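Work through the exercises below with the model open beside you. Try each task before you read its solution.

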Amino acid sequence: MSSEVFVSRPHFDCRAVAQEIPEKEPTAELEVPQLSSGSATAGYRSAKYTAAEWFSNYHTILQQACSGQHEAQRIQRGSKTLQKDTEAATLSIQAEGTCHLGDRLQEIHHWRSELQLHIDQLLADTEALLALKTRLEKALDATETPYAIATDNLNCRTRRPGPDLVRDTVEEELLKEVDLIRSIQALLKKTTAQVVSQIKMNREAKQMLELDWSDKYQAYNFDDRSGRYTNMSPDTRHYPSSATVQDQVCNLTSWTKFTQDNLRKALQEEQATNSLRMLAEQVLLDTTDDLTVQCSSVDRAFSQRCVELIEAKTQLEMKLTQTLEQIGAQERNIVTLQQAIHNKEAPLRVAQSRLYLRSLRPNMELCRDEPQLSLEREVRQIDATQASLHQQLNEARVSLAHLEESRMTIEKDIICKSNSLFIERDKCMTHRKRYPAISTLSGY
């Protein structure tokens with residue numbers, strides 16, 4: 001039997017090692033028994049323990065094994081308890097996280113629906129404003145025709161003959177129409193500029209909503225994908241740094257406020273759009289009514305002026321007829337007076353011849369007898385008659401000259417009225433028939 005030395009094992013505390021507790025100094029080793037003395041037994045004895053030491057060592061090993069078993073059992077029981085507790089806690093907090101993700105998905109869906117609603121509304125409002133802008137531009141273009149008609153009427157009326165070149169009701173109404181069209185054009189341009197500006201603001205607000213909607217769409221997809229992860233999912237991985245708080249992350253309050261501010265801005269633009277649409281519709285309605293009313297006023301003024309011109313021309317023509325009749329009568333009267341004067345020549349010659357012959361009577365025969373007195377009266381009467389006839393003839397000739405002048409004046413005025421009537425009725429009123437319809441003036 002070989003000689004062996006039995007030594008007790010050092011004791012290690014597993015919990016102490018796990019908790020990094022300094023180890024205790026190992027117990028002193030059993031003293032190695034001294035070799036027995038005696039040279040007689042030198043060949044048969046070796047360095048061995050005693051029986052008591054052997055039993056002591058055996059029992060120590062058993063005690064250490066028992067202690068290790070008890071410690072292992074205690075650790076196993078603690079591990080099972082800890083495993084159950086951590087499993088329950090992990091499942092609980094995982095379920096809580098899944099529930100929070102579900103709530104978050106509902107919240108994101110709610111805000112995304114609100115954003116989509118306002119995006120659609122802004123899109124519809126922008127399309128309505130674009131259609132309204134087209135109407136305003138068409139209405140502005142349509143005002144060029146009334147403006148051209150009014151200015152052309154004013155230019156045509158400047159070619160009226162002198163006596164009819166007056167500032168009448170027609171001209172005043174035409175000037176009012178020109179001023180009205182200019183003011184309407186300025187108003188339509190201003191309203192169009194407001195519509196263009198509102199379209200720009202609507203598009204900017206819509207872009208902000210679309211960006212927010214896009215971010216929420218991606219966040220919804222990420223959260224939805226996160227909520228579908230389970231412990232059995234094969235595509236999960238370890239991301240140790242994902243649990244750290246990022247510096248750029250906003251809190252829930254600022255997140256909600258950002259979307260609410262975008263929605264509030266969108267709502268303001270929607271309200272501004274509705275107000276502007278009502279204003280533009282009212283502007284189109286009012287401008288169309290104003291132009292129509294003023295056009296009717298101008299047309300009535302033209303019609304009244306034409307009636308006045310026709311009436312004046314008719315009266316002048318009647319007066320011309322009467323004047324021509326008077327001229328003819330006066331000419332015949334002059335011929336009659338000339339004939340009457342000519343008819344007085346023979347009686348005057350007879351009377352004067354008688355007086356001349358009687359003046360040749362001799363001496364006392366040359367007396368103022370009754371025949372002499374009668375002849376003198378006859379001569380004086382004929383002279384007076386001739387004088388009155390000559391005066392009447394002169395008056396008739398003067399009257400005839402006046403009648404001729406009146407005839408010429410009346411004829412000139414008739415020509416003037418005819419030209420004015422041609423300008424008013426055939427030029428201006430015919431041109432005004434091209435006035436745009438109400439639908440055209442409204443931008444349709």
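Start with a definition: a residue is buried under 20% relative accessible area, exposed over 50%, and partly exposed in between (1.4 Å probe, protein chains only). This is a predicted model, where local features need pLDDT of at least 70 and side-chain atom pairs count only at pLDDT 80 or more, while totals for chains, interfaces and linings use all residues. Residues are numbered from 1 along each chain as its sequence is written, and side-chain values use heavy atoms, with hydrogens and water left out.

**Exercise 1.** Find Asn363 and decide: is Asn363 buried or exposed?

Solution. Asn363 is in the loop between helix 6 (345-358) and helix 7. Helices here are DSSP runs (H or I, at least four residues), as strands are (E, at least two), numbered from the N terminus. Step two: read the area. Asn363 has a relative accessible area of 72%, so it is exposed. Step three: check the backbone. Asn363 is not a glycine, yet its phi is positive, about 45°.

**Exercise 2.** Classify Asn262, then list what it is in contact with.

Solution. Step one: Asn262 belongs to helix 5 (residues 252-343). Step two: its relative accessibility is 10%, so Asn262 counts as buried. Step three: look for contacts, meaning heavy atoms within 4.5 Å. Leave aside neighbours within four places in sequence, and Asn262 touches Met208, Leu209 and Asp212.

**Exercise 3.** How many residues apart in sequence are Gln392 and Ile334, and how many Å apart in space?

Solution. Step one: locate Gln392 in helix 7 (residues 370-432). Step two: Gln392 counts as partly exposed because its relative accessibility is 37%. Step three: compare the two separations. Gln392 and Ile334 are 58 residues apart in sequence, and their C-alpha atoms are 8.7 Å apart.

**Exercise 4.** Describe the aromatic pair of Trp54 and Tyr58.

Solution. Step one: know the rule. Rings of Phe, Tyr and Trp (its six-membered ring) pair if their centres lie within 6.5 Å; planes under 30 degrees apart are stacked, over 60 edge-to-face, and the rest tilted. Step two: count. The structure has three aromatic pairs. Step three: apply the rule. Trp54 and Tyr58 are stacked, at 5.9 Å between centres and 5° between planes. Step four: look at the spacing. The two are four residues apart in helix 2 (residues 51-142), so about one helical turn separates Trp54 from Tyr58.

**Exercise 5.** Now describe the pair of Trp213 and Tyr217.

Solution. Step one: Trp213 and Tyr217 are also stacked, with 5.4 Å between centres and 10° between planes. Step two: they sit four residues apart in helix 4 (residues 169-227), so about one helical turn lies between them. Step three: check the areas. Trp213 is partly exposed at 26%. Tyr217 is partly exposed at 39%.

**Exercise 6.** Which rings do Arg104 and Arg112 lie over?

Solution. Step one: recall the test. NZ of Lys or CZ of Arg must be within 6 Å of the ring centre and within 35 degrees of the ring normal. Step two: Arg104 lies over the face of Trp255, 3.8 Å from the ring centre. Step three: the charged end of Arg112 sits over the ring of Tyr220, 4.8 Å from its centre.
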